[in-house]
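I opened a notebook for this chain and took it one topic at a time. My entries follow in the order I looked things up.

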Amino acid sequence: MPDDPAADAATLADTAVRAVEAGGAYLREAFENGGTPADYTAKDVKAEADREAERRVLDAIADEHPDHRISAEESGDYDGDGEYRWVVDALDGTNNFAAGIPTFGVAATACERTGRGGPENEPVATAVHVPVLDDTYVAERGNGVRYNGATAEVTDGTTLPPEKATVAMIIGPEVVSGGAERREWDAVADAVAEVPKRTVQTWAPVVYWGLLARGKLEGFVCYYPAEREQVAGSLLALEAGAVARAEGPLTVFGADREIRDALFDAATDAL
């Protein structure tokens, strides 16, 4: 393990910021110029921008940490012998980007490698950039969250009651593919929607994780979430002071225990 984990996390966070801002600068220019060519399917969309932004993110990481392993959505896995594994989503919200909706983001997260053959998904540092707004979030394990350089927290000491809350909901590929997981999610979503004032089913999770981290949302409900967004989001949420409960493929975050438990109970009762 590193001799100074805190210093190492800070170095990783700096790299993450440079990486997501490099990818974001390209995406912002491409978006302002009308987007890039894209291939559409019934359940997904892939844009040239995904690959171009990812290349810039990966180059920034490799320049600083050439021995680190990287898992990237578009280009797959790059092996390495370093102590960390990077999880990259260079364009989260491709559907939005392609449709001309400015809600999309870039995420890069350094995860601790716990050993050969063991779990490698413990996030240590992450950065999320929202190109159109030029917003950057960065979190380090044990050192909180910064939003555009200022400390961010899920609450300033007062939170809305559940019935006045706004809650984001995300699903992963298993649910999108349909089948039993989709039917389960439909039941969960209907039940959860009865708790807060408003629910938002987002196709750009990292943007909404940032909103939770700075107190603009009160909760997050995740069902079979994709790792590339979840490692970034969970670190942002927990380091900003959110509380979480998990059971199987379900994870619920809340700005406080009351909203977390209300959402979790509604979701589990529906399953």
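Predicted model: local features only at pLDDT ≥ 70, side-chain atom pairs only at ≥ 80, totals over all residues.

**Entry 1: the whole chain.** Of the 271 residues in the chain, 51% are buried. The chain exposes about 11900 Å². Carbon and sulfur atoms supply 45% of that area. I then looked at contacts with a separation of 6 or more, and 62% of them join residues 24 or more positions apart. For secondary structure I noted eight helices and 15 strands.

**Entry 2: the sheet of eight strands.** In what order do the eight strands of this open sheet lie? I read S4-S3-S5-S6-S7-S8-S9-S10, with mixed pairing. Strand S4 (76–78) and strand S10 (150–152) are the edge strands, and each pairs on one side only. On average, neighbouring strands here are turned by 20° against each other, direction ignored.

I followed one pair in detail. Strand S5 (residues 84–92) pairs with strand S6 (residues 105–112) in the antiparallel sense, over seven bridges. Aspartate 92 stands opposite glycine 105 in S6.

Next I checked a helix against this sheet. Helix H2 (residues 48–64) lies across strand S3 (69–72), S4, S5 and S6. H2 runs at about 150° to S5.

**Entry 3: the sheet of five strands.** I found another open sheet, with five strands in the order S12-S11-S13-S15-S14 and mixed pairing. Its edge strands are strand S12 (198–201) and strand S14 (243–247), each pairing on one side only. Neighbouring strands are turned by 15° against each other on average, direction ignored.

I traced the pairing of S14 with strand S15 (residues 250–254). These two strands pair in the antiparallel sense over five bridges. Glutamate 247 has leucine 250 in S15 as its bridge partner.

Entry 4: Which strands of the five-strand sheet does helix H6 (residues 205–213) touch? I listed strand S11 (166–171), S12, strand S13 (219–223) and S15. The direction of H6 makes about 145° with that of S13.

Helix H7 (residues 227–239) lies across S11, S13, S14 and S15. H7 runs at about 30° to S15.

How do H6 and H7 pack, and at what angle? Their axes are 9 Å apart and the angle is about 5°. The two helices are therefore roughly parallel to each other, since angles under 35 degrees count as such. From H6, the residues in contact are Pro205, Val206, Trp209, Gly210, Leu212 and Ala213. They meet Glu229, Gln230, Gly233, Leu236 and Ala237 in H7. I sorted this contact by class and got seven nonpolar, three polar and one charged residues.

**Entry 5: positive phi.** I ended with backbone angles. Most residues other than glycine have a negative phi. Asparagine 148 has a positive phi, near 50°. I placed asparagine 148 in the loop between S9 and S10.

Where is tyrosine 224 found? I located tyrosine 224 in the loop between S13 and H7. With a relative accessible area of 24%, tyrosine 224 is partly exposed.

Key. Residues numbered from 1 in each chain as written. Heavy atoms only, no water. Pairing = 2+ DSSP bridges. Helix = DSSP H or I, 4+ residues; strand = E, 2+ residues; numbered from the N terminus. Axes fitted to C-alpha atoms, helices over the stretch in contact; angles between N-to-C directions. Contact = heavy atoms within 4.5 Å. Buried < 20%, exposed > 50% of the residue type's maximum accessible area, 1.4 Å probe, protein only. Areas by Shrake-Rupley, 256 points an atom, 1.4 Å probe, with all protein chains shown as cover. Parallel < 35°, antiparallel > 145°, perpendicular 65-115°, else oblique. Nonpolar A, V, L, I, M, F, W, Y, C, P; charged D, E, K, R; others polar.
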